[in-house]
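Reader: I have the sequence and the coordinates open. Please walk me through the structure, one question at a time.

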Amino acid sequence: MNFKRVMTLAAVAAALVAAGGGPGRAADVYPSKTVTVVVPFAAGGNTDTFGRLVAEQLDKRLGQRFIVENKPGAGGNIGLGDLARSKPDGYTIGMGTVSSNAINQTLYKTLPYSKEKGFEPISLIASLPNVLVVNPDKIKATTVEELIAFLKSEPGKHTYASSGVGTSIHLAGELMATKTGIKMTHVPYKGSSQAILDVVAGHVDMMFDNIPTAAQQVKAGKVRALAVTSLGKATLLPDVPTMASVIPGFEATSWHGLFAPPGTPPEIVEKLSKEVQAIIADPAMKAKLEAMGVTPVGSTSTEFKDFIAKETAKWAGVIQAANVPLQ
Amino acid sequence: MDLFSNLMLGASTAFLPMNLLYGFIGCLLGTAIGVLPGLGPTATIAMLLPITFGLPPESALIMLAGIFYGAQYGGSTTAILINLPGESSSVVTAIDGYQMARNGRAGAALATAALGSFFAGTVATILLAMAAPPLAAVALKFGPAEYFSLMVLGLVASVALASGSLPKAMAMIVFGLMLGTVGTDVESGTPRYVFDIPELYDGLNFVAVSMGIFGICEILRNLENEQERSVSVKRVTGLMLTKDDVKRIVGPVLRGTALGSFLGVLPGGGAMLASFASYAMEKRLSPNRAQFGKGAIEGVAAPESANNAGAQTSFIPMLTLGIPGNPVMALMVGAMILQGITPGPNVISDEPALFWGMIVSMWSGNLMLVILNLPLIGLWVRMLTVPYHLLFPAIIGFCCIGAYSINNSVFDVFVMAGFSFVGFALSKLRFEPAPLLLGFILGPMLEENLRRAMLISQGDPTIFVRSPLSLSLLVFAVVVLVLVLAPGISRKRDEAFTE
Amino acid sequence: MLKIRNSRDFIGGLTMICVALLFIWFARDLTVGNSFQMGPGYFPVVLSLLLIALGALITVQSIVVEADGSEPETWNAKAFVLVVLGPVGFGLALAGLGLAPTMFLLIVGVATASRYANWRHSILLGLFLSVCSVLLFTRLLSLPVAPFGPWVPLIGSV
């Protein structure tokens, strides 16, 4: 009996060793060792969540460990600086967002990496719409048109909160202001939770907020949702119209994608891009992301590159028009 | 009764053997990691967060809550034993707790912290179960103007923390406030005092600064008086509380619990404010006033109870409004979202089992913590008998790793080293570090809320007196200020004997 | 002639004034604004002025008020240098050497600051803590730092 068990264990162990030794033979096939996924934000946030979900699947599909490393600080610049400095061999890749990879290029005078070289985009992963919410006691408007008319009648008298100067939430407000010519007072906070709290409490009149948390406040009737900032309607708030239906072309989403350091071989970027696209297309993953209020988007490296160029130009325009001080 | 059936529902979740086990593992891991010098609750939770990803939502949150309690208690343990507060709210515990340890009463200090925390946790949990929604409504009343007034009150109270010269204590508070301005200005986005160092854009990290100024600096002072040190740490006498101790801590524990339960509800630093407000209050009320700063047991009991009550009620904004009030709660929300539950105002009605399960598990978590830690006190105290020349290199080693783990970056290790120098220079000049640290914590909140209130009122300063809540806080602050200044003018202060 | 009665406070007060002046100097590019429209420089500058006032008060007191006796000052320069620079060395070497060697060097290095240090104990403690920290932090808590860095030949990983 005992002997048999030992034999079975030995066989399992041998099989494991064989399997483990497998990739050694094909050392030239990427990936042949552990891959580090740099997340330039703190653990527990949105970017971290998406990074972990994708890393977990890459792990399964490519048979190598994909380890998430959080390097938070300076709006993502510190982690991305590390990523840019790491060897471009595909064994260090990283997450980036609209803030870190499209807004910071304009907002920061200097970055800890080359603005020209940038990064090799692998694939977009997810896009989070923002939703324009107002405190129902402070703002009687129920549509965006009414809100714009109301704000025009009392210029500069009303306030909107944001998660900080130069965040996608702040710039969404500036985008609305520049496109319609209204004047509002910007009240920045450190992070969006303090900001939405003050909108719920009525200390500040309105705010654009990321949809998962804001949708809960809307459903509980604490704030009124006027519009979502994605081009299509949001799954979590299907009855809320889009900003684009009032202000054509208005789009301000918080997107998250995967990047490689500049100079990473194109075939590795291509391989990872295909895998990420497949992961996101997987129905289980899609359902999981949609339940979080996120629009799952996979894209090829070139599509992603063009998208980033477009976003960078758009936000540069808003930052200049709104006179946001550069850091 | 409704509450009863809710609690039964909660108990049926929280007392599942699996969940009890996860809660226990959480407390154990939290204590084990949190007791390492330099690893406070936020760092501990961030590090242990991935462990909970594979668990069902209730178990994951119960385990995280366990880690939180454990880490918090671990932070107080290091504050008492080696003068190393693991988080902002145990800064005050370090003042008298460490002195107690030096007097050979580390066991009593740790027991006071454990029992005071347990009592406060129990009361706050009951309060949470009965009155979470109305308390959350109170939190919503606090806008920028009210927060500013509260911070002013906090600053005034923190003057009372110092035992030496009043101008010197005030200078330290102001210096702390100034250090708090390092980093990106929230309102304008302008970087201040960053010298083009990207790591400084988020400001100086509290844990790194406090490890330098308290922990490492304490090692320097001990090494200087190395021969005397063996004398200065008296023999450990009695691990448990004496009858007299118990008599002395009842009042502080009760008052600390009340203050902590209330202030903890306020998002953004409420629990931390509670811990030193209660210390300042005891220092005024206590008949043993003269002992404060030299190892008064009240100085451990009050802040530790306030701290833990506040930690409990700081769940209220998250559970009832879906809005995290501090970094630890933000991590919890992250964990909930990953589990497919987005916290919001409807969590109570949508997920009653989760909500009430969490509440009951808070109490069971506190109970486990006390069961786990009372026997461990003997072990911690024995740690102090390790020869100092072996103990201090280990403390420095863990501090370095702890500082590194804050942002996975060596920059915070350099900050820690820099502030150990600053702390040492200040201690040579007989400036006290605690007011500095409190100024450093309160500064950013004070400035942000002041400017935010002025922004919202369109530059009208009457916003601070128009709100009755804000006005009464300011009036109270003035009263406290007069009380603090009055004896300072008449009585010659005992500067040289503060050390 | 002016007699300084409490030289410690005299230096302390002057230090505070210098610190405040430094903060004002480095805030020179920041917009100060006024009390109704505060700029990013407002808070630091107002606080610095307050600190100058307090520093002046402390200095004046040090001249006027007698110190209540003073403890003899001890100074252990070796301990000071080792304990402050140890963590700096740790930070510089961590990425290159990896956790295990850096930790070992740090422990053995700072241990010599104590007059009771003995090499055998320090080395044993260094080895013990290196092993513990690698097991705990890199293995169990997956802190992103390699046990051995690229500077260590043969076994170091990038």
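Reader: Which residues of H5(B) are buried?
Author: This is a predicted model. The helix spans residues 91–102 of chain B and has 12 residues. The buried ones are B:Val91, B:Val92, B:Thr93, B:Ala94, B:Ile95, B:Asp96, B:Gly97, B:Tyr98, B:Gln99, B:Met100 and B:Ala101.

Reader: Why is H5(B) called largely enclosed by the rest of the structure?
Author: A residue is buried if 20 or more other C-beta atoms lie within 10 Å of its own. H5(B) is largely enclosed because the buried residues number 11 of the 12.

Reader: Which helices do the buried residues of H5(B) pack against?
Author: The partners belong to chain B. Two of them are H12 (270–285) and H13 (298–313).

Reader: Which residue just after H5(B) takes a positive phi?
Author: H5(B) reaches 17 Å from its first C-alpha to its last, close to the 16 Å expected. Just after the helix, phi is positive at about 85 degrees. The residue is B:Gly104.

Reader: How many residues does H6 of chain B give to the largest nonpolar core?
Author: The core has 324 residues. Those with the most contacts inside it are A:Val133, C:Leu51 and C:Val83. H6 (residues 106–141) of chain B gives the largest share of this core, 19 residues.

Reader: Where in H3(C) does the kink lie?
Author: H3(C) covers residues 77–97. The kink is about 30 degrees. It comes shortly before the proline C:Pro87, at C:Leu85.

Reader: What is the end-to-end distance of H3(C), and what span should its residues give?
Author: H3(C) has 21 residues, taken at 1.5 Å a residue. The span should therefore be 30 Å. The end C-alpha atoms agree with that, at 28 Å apart.

Reader: What covers the buried residues of H3(C)?
Author: The buried residues include C:Leu82, C:Val83, C:Phe90 and C:Leu94. Chain B and chain C both supply cover. The cover includes H9, H18 and H19 of chain B, together with H4 (99–111) of chain C.

Reader: Which element gives the largest share of the side of chain B that touches chain C?
Author: Here 53 residues of chain B are in contact with 59 residues of chain C. By class, the chain B side has 33 nonpolar, 10 polar and 10 charged residues. The largest share is 12 residues, from H18(B).

Reader: Which helix gives the most to the side of domain 1 of chain A that touches domain 2?
Author: Domain 1 is 33–127 + 254–321, and domain 2 is 129–245. In the contact, 12 residues of domain 1 meet 17 residues of domain 2. H4 (98–107) and H11 (301–321) of chain A each give two or more residues to the domain 1 side. The most, 4 residues, comes from H4(A).

Reader: How far apart are the centres of domain 1 and domain 2 of chain A?
Author: The centres are taken over C-alpha atoms. The separation is 27 Å.

Reader: Is A:Leu326 buried, exposed or partly exposed, and why?
Author: A:Leu326 is in the segment after H11 of chain A. Beyond its neighbours within four places in sequence, A:Leu326 is in contact with A:Leu107, A:Tyr108 and A:Lys109. Because 14 other C-beta atoms lie within 10 Å, A:Leu326 is partly exposed.

Definitions and conventions:
Residues numbered from 1 in each chain as written. Chains lettered and ligands numbered in written order. Predicted model: local features only at pLDDT ≥ 70, side-chain atom pairs only at ≥ 80, totals over all residues. Domains from an automatic or database assignment. Contact = placed C-beta atoms within 7 Å. Nonpolar A, V, L, I, M, F, W, Y, C, P; charged D, E, K, R; others polar. Expected span 1.5 Å × (residues − 1). Bend = angle between axes of the 7 residues up to and from the residue. Core = buried A, V, L, I, M, F, W, Y, C linked by C-beta atoms within 7 Å.
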